[in-house]
Amino acid sequence: MIIATQAAEYLDKALGISVPSFVLAAAVEKVEAVEPDMAAAGYSDADQALIQTFAVAIIAAAGAPRRINSQGAPSGASRSFKNDDEALSALRRSLEALDTAGTVAELIGPDPSSGALFLVAA
């Protein structure tokens, strides 16, 4: 099972996102609950680690946190942020392709950026 420090490292290094530790702990706990389903689905240890990592990242970052875009030097610290990106949608697509049994689908829900289009014909 992925642990909170590993999840925090992934969020920071791969997505540039920092979330409060209590949010991360809750996300890890939710994903840990479906670990037996992953084993029952026959996923390898590597697949389980990736599924857990992606799912924790999506759950923890669900509030659309701002992402660090750049940081300055120690002499004159400066930061810039990027607020909206397709990274989480891409992460959802990767998770969906990897988790073919849908073991974490209920935890992460649908991608909010892929809105449905409804047409009414009279």
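## The whole chain

Start with a cartoon view: the protein shows six helices and two strands (helices are DSSP runs of H or I with at least four residues, strands are E runs of at least two, numbered from the N terminus). Follow the chain from the N terminus and the elements go α-α-α-α-β-β-α-α.

Before zooming in, know that this is a predicted model, where local features need pLDDT of at least 70 and side-chain atom pairs count only at pLDDT 80 or more, while totals for chains, interfaces and linings use all residues. Residues are numbered from 1 along each chain as its sequence is written, and side-chain values use heavy atoms, leaving out hydrogens and water.

The accessible area is about 7700 Å², with 54% of it belonging to carbon and sulfur atoms (Shrake-Rupley method, 1.4 Å probe). Of the 122 residues, 31% are buried, meaning under 20% relative accessible area. Take contacts (heavy atoms within 4.5 Å) between residues at least 6 apart in sequence: 63% of them join residues at least 24 apart.

Next, select residues 21-32, helix H2, and residues 45-60, helix H4; they pack at an angle of about 135 degrees with axes 9 Å apart. The axes are lines fitted to C-alpha atoms over the stretch in contact, and angles run from 0 to 180 degrees between N-to-C directions. That angle makes H2 oblique to H4 (under 35 degrees is roughly parallel, over 145 roughly antiparallel, 65 to 115 roughly perpendicular, and the rest oblique).

Show side chains here. H2 brings Val23, Leu24, Ala27, Val28 and Val31 to the contact, and H4 brings Gln52, Ala55, Val56, Ile59 and Ala60. By class, that is nine nonpolar residues, one polar and no charged ones (Ala, Val, Leu, Ile, Met, Phe, Trp, Tyr, Cys and Pro are nonpolar; Asp, Glu, Lys and Arg are charged; the others, Gly among them, are polar).

## Two stops on H4

Click on Gln52 in helix H4. Is Gln52 buried or exposed? Gln52 counts as buried, because its relative accessibility is 1%. Setting aside residues up to four places away in sequence, Gln52 touches Met1, Ile2, Val31, Glu35 and Met38.

Last stop: Ala55, also in helix H4. Its relative accessible area is 0%, so Ala55 is buried. Beyond neighbours within four places in sequence, Ala55 contacts Val31, Leu95, Val104 and Ile108.

Technical notes: Buried < 20%, exposed > 50% of the residue type's maximum accessible area, 1.4 Å probe, protein only.
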